[in-house]
Amino acid sequence: MRGVALCLGMLCWAVSAVAGEFFQLTGHGGPIKGIAVSPDGGTILTASFDNSVGLWQGRAPQWLEGHEAAVNSVAFLTNTTAVSAGDDFAVRLWNLETGRSKILGHHKGKVMSLRVAPDGKAFASASWDGTVGLWSLQGAAPRFFEIGSNVNDVAFAEGGTALFTASSDGKIRLYDTQSGDLRQLFLSNGFGVNTLVLREELGWLAFGAVDGVTKVISLKTAELIKDITLERRPILAMAASPEGDHLAVGDGEGYILMLNTADWTIANDIKATHRGPIWALAFSADGENIHAGGLDEAMFSWPLSDPEDAPRMVAEGRDFLNGNDSASNGERQFQRKCSICHTLTGDSARRAGPTLKDVFGRQAGTVSDYSYSETLLTSDVVWTDQTIDALFDLGPDVYIAGTKMPVQRITRAEDRADLIAYLRLYSDIED
């Protein structure tokens, strides 16, 4: 199922041929969580909720498979090697010429971000297990530093001898990478800090937070350079252009705020996705485009030159609630809780979960076009009204301990009943 697929985007040019033009990369079966651009600019990697990494060098993506849950971050080491990590706690090293990977090690929680050291000989991982991992590419075992709170992002400083960390406790800390010692509590925001961008040569550190705070701080004094906070929240992604002359800020409402870093004025502010938040941002190697990913199953690339002249995005497939404000409560529950991972068609369509068509009476772990975890393959659960109700009442982590299903619940019995009734509309099999 997961081989090479055609790019069905609006413009299907080679990556190097679309600089300064709007284009999109379509083919994933779930939201885009991470984006990386190769040093030579010829390749884009996309990390997705569908458990895959997409490798894009032209019209057809190559799917890099190996992760057992959503992939949150991907980073190039060289033009032909990369690392990725995500909700399966694993950190993988990829040979992009062969499409093969190996596991370098594991965190004990989700890995949210990967950053490569300036010399390219190591990289850091930020995890919700409350640690930062330092990974050598020269054979040494990884080292883990205890931060004490879920870590969302990291940024190397001082040639790789220091590391900034951004945590859910709202604190930005500076660590020594050799000893692992805390050098400085650099800043306290009050609400969780989600993303960091460091331009050491320009003397600033930018951060975005859960409460919508977007600030630029002096590296020398830790004093505020510019507060560019808007009403939108949360801030989920940031990226600086290769020359450092632009800073892109992505928020929970799907906008990209583009800033001129010379004077921190707003260069542009665009709605950059069909629906939902901006989870990933990356500039093209030439700095002419900003690539954006989020809840849509495509990566959109917007030109900086004149994004208002770019083709308007044409909605593909379903919108949230299928564009129907009068949708039933069961459909609403499906769209909110299930649609990102599951289809209601006859195939699983590269989603993070199997199709839910004909789910009633089906034993867990038996859809032929989906790769299950060992927990589901050995489960004796048969999907019925009662088992589906229990799944969302207790939560997947309790009802099927060890599953890779996202941890979520539907607390109201009426909502669970309406979801079950809606799923029955797509099932020819009775329990």
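Visitor: What makes helix 1 and helix 5 roughly perpendicular to each other?

Guide: In this predicted model, the two helices pack at an angle of about 90°, with their axes 7 Å apart. Angles of 65 to 115 degrees count as roughly perpendicular, so helix 1 and helix 5 get that label.

Visitor: Which residues meet where helix 1 packs on helix 5?

Guide: From helix 1 you have N329, G330, E331, Q333 and F334, and they meet E414, D415, D418, L419, Y422 and L423 of helix 5. Sorted by class, this contact holds four nonpolar, three polar and four charged residues.

Visitor: Which residues of helix 1 are buried?

Guide: Helix 1 spans residues 329-337, and its buried residues are G330, E331, Q333, F334 and Q335. Helix 5 is among the things that cover them.

Visitor: Why is helix 3 called oblique to helix 5?

Guide: Look at the axes of helix 3 (residues 385-394) and helix 5 (residues 413-424): they come within 10 Å and cross at roughly 135°. Roughly perpendicular stops at 115 degrees and roughly antiparallel starts over 145, so helix 3 ends up oblique to helix 5. As for handedness, the crossing of helix 3 and helix 5 is right-handed.

Visitor: What residues make that contact between helix 3 and helix 5?

Guide: On the helix 3 side there are D385, I388, D389, F392 and D393, and on the helix 5 side R416, L419, I420, L423 and R424.

Visitor: What about strand 1 and strand 28, how many bridges do they share?

Guide: Four, again antiparallel, with strand 28 covering residues 298-303. Here T26 stands opposite A298 in strand 28.

Visitor: Why is A222 called partly exposed?

Guide: A222 has 25% relative accessibility. Buried would need under 20% and exposed over 50%, so A222 counts as partly exposed. You'll find A222 in the loop between strand 20 and strand 21.

Visitor: What is phi of A222 near?

Guide: Near 65°, which is a positive value in a residue other than glycine.

Visitor: And N51, is it buried or exposed?

Guide: N51 has a relative accessible area of 5%. The cut-off for buried is under 20%, so N51 is buried. N51 is in the loop between strand 3 (44-48) and strand 4 (53-56). Phi of N51 is also positive, near 80°, again in a residue other than glycine.

Visitor: Why does I270 count as buried?

Guide: I270 comes in at 14% relative accessibility, under the 20% cut-off, so it counts as buried. I270 lies in strand 25 (residues 265-271). From I270 to W302 is 32 residues in sequence and 9.4 Å in space, C-alpha to C-alpha.

Visitor: Where is there a cis peptide bond?

Guide: From R233 to P234, with omega near -10°. P234 is in the loop between strand 21 and strand 22 (235-240).

Visitor: How many helices and strands does the protein have?

Guide: Five helices and 28 strands. Of the 431 residues in the protein, buried ones make up 54%. Among contacts with a separation of 6 or more, 42% come from residues 24 or more positions apart.

Key
Residues numbered from 1 in each chain as written. Predicted model: local features only at pLDDT ≥ 70, side-chain atom pairs only at ≥ 80, totals over all residues. Heavy atoms only, no water. Axes fitted to C-alpha atoms, helices over the stretch in contact; angles between N-to-C directions. Parallel < 35°, antiparallel > 145°, perpendicular 65-115°, else oblique. Left-handed = near helix turned anticlockwise from the far one by under 90°. Contact = heavy atoms within 4.5 Å. Buried < 20%, exposed > 50% of the residue type's maximum accessible area, 1.4 Å probe, protein only. Pairing = 2+ DSSP bridges. Nonpolar A, V, L, I, M, F, W, Y, C, P; charged D, E, K, R; others polar.
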